[in-house]
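Please read the following note with the sequence and the model open beside it. Each numbered point takes up one topic.

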Amino acid sequence: VSGGGDDLLKTEEISAMRAVLQTISNPRQDIPLLAAMTGPAFCFTADELAVIRSSHRKGSIYDAVAASEDEKCRRFLEDLRFLRRQARLQPLVELLELILSRTRLDSLYAAKAGGQSKRANLQAFYQLAADFEANGRRDLEQFLEHLEAMEEKGLIAAGEQSAAGAVTLMSIHKSKGLEFPVVFVSNLSKAFNKESARGQVLCDQDLGLG
């Protein structure tokens, strides 16, 4: 299998799950809140959001939703309050199980094109949370910070690395921080590029010319 696939944390289904988790952590972040509301978990349309915002133009989006008398907003706030309360009481993995059972995100994405891969990515994300929590009780905010740190490094999509008994092909850059029982590094007979050691003028992205 090739390790050149999409980053797990940038796939549609994981982005939707992260938006829900970020909203549970802090609903006053407008971008994650809008992403969660327009995602398949809550299914708000752009027109519905425009109506909500037009009646409450100042303050955060959350304030506008809280001030709305729309029945859909009321149900959304009930779900959000319930999940925020559970986030304080439940371990991280149990919170994820609760979110999946309440929003049915796994079933929704499984019904789409490429559903098997999307469901596998959600399962990989769940396992990521389980591994993170296995080192001791961790809260939602710590997990979100962990995801941000991983996002900077890049994480291979589960659909690209989950084949049992397969050889995984990846770049040196992608392999940083990973462990395998056997590793073959190819093309070592090729000479390194030493132009930077003998050039009269060197150019650096941050330092400029030298």
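1. Basis of the note. The structure is a predicted model, in which local features need pLDDT of at least 70 and side-chain atom pairs count only at pLDDT 80 or more, while totals for chains, interfaces and linings use all residues. Residues are numbered from 1 along each chain as its sequence is written, and side-chain values use heavy atoms, with hydrogens and water left out.

2. Salt bridges in total. A salt bridge is here a side-chain nitrogen of Lys or Arg within 4 Å of a carboxyl oxygen of Asp or Glu. By this rule the model has eleven salt bridges. Three of these pairs are discussed in the next points, together with the helices that hold them. Helices are DSSP runs of H or I with at least four residues, strands are runs of E with at least two, and both are numbered from the N terminus.

3. R18 and E151. The closest N and O atoms of this salt bridge are 3.4 Å apart. R18 belongs to helix α1 (residues 12–25) and E151 to helix α9, so the pair ties together parts that are 133 residues apart in sequence. Are the two partners buried or exposed? The terms rest on relative accessible area: buried means under 20%, exposed means over 50%, and partly exposed lies in between (1.4 Å probe, protein chains only). R18 is buried, at 8%, whereas E151 is partly exposed, at 28%.

4. E71 and R75. These side chains form a salt bridge with an N to O distance of 3.8 Å. Both residues lie in helix α5 (residues 71–89), and their separation of four residues is about one turn of the helix. E71 is partly exposed, with 39% relative accessibility, and R75 is partly exposed as well, with 42%.

5. D79 and R102. Helix α5 also takes part in a link to another helix. The side chains of D79 and R102 meet in a salt bridge at 3.0 Å, N to O. Because D79 lies in helix α5 and R102 in helix α6 (residues 92–103), the pair ties together parts that are 23 residues apart in sequence. D79 has a relative accessibility of 22% and counts as partly exposed; R102, at 40%, is also partly exposed. Elsewhere, salt bridges that share partners join E12, E13, K112 and K118 into one network.

6. Cysteines. How many disulfides does the model contain? With a disulfide defined as a pair of cysteine sulfur atoms within 2.5 Å, the count is zero. For C43, the closest cysteine sulfur is that of C73, and the 14 Å between them is too far for a bond. C43 is partly exposed, at 43% relative accessibility, and C203 is exposed, at 69%.

7. Positive phi angles. C43 lies in the loop between α2 and α3 (46–54). N187, another residue other than glycine, has a positive phi near 65°. N187 sits in the loop between α11 and α12 and is exposed, with a relative accessible area of 56%.

8. Nonpolar patch. I172, L178, F180, V183, V185 and L188 make a nonpolar surface patch of about 600 Å². Patches are built from residues with over 30% relative accessible area and no salt bridge, joining like charges within 9 Å and nonpolar side chains (Val, Leu, Ile, Met, Phe, Trp, Tyr) within 5 Å. Accessible areas come from the Shrake-Rupley method with a 1.4 Å probe, and for residues only the protein chains shown count as cover. One of the members, V183, is in the loop between α11 (172–175) and α12 (195–198) and is exposed, at 56%.

9. Negative patch. D139, E141, E145, E148 and E152 gather in a surface patch of negative charge.

10. Two pairs of positions. A36, in helix α2 (residues 30–38), is buried, with a relative accessible area of 2%. A36 and G115 are 79 residues apart in sequence and 20 Å apart in space, C-alpha to C-alpha. A197, in helix α12, is exposed, at 68%. From A197 to G208 the separation is eleven residues in sequence and 16 Å in space, C-alpha to C-alpha.

Methods: Lys, Arg positive; Asp, Glu negative; His and termini not counted. Charge placed at Lys NZ, Arg CZ, Asp CG, Glu CD.
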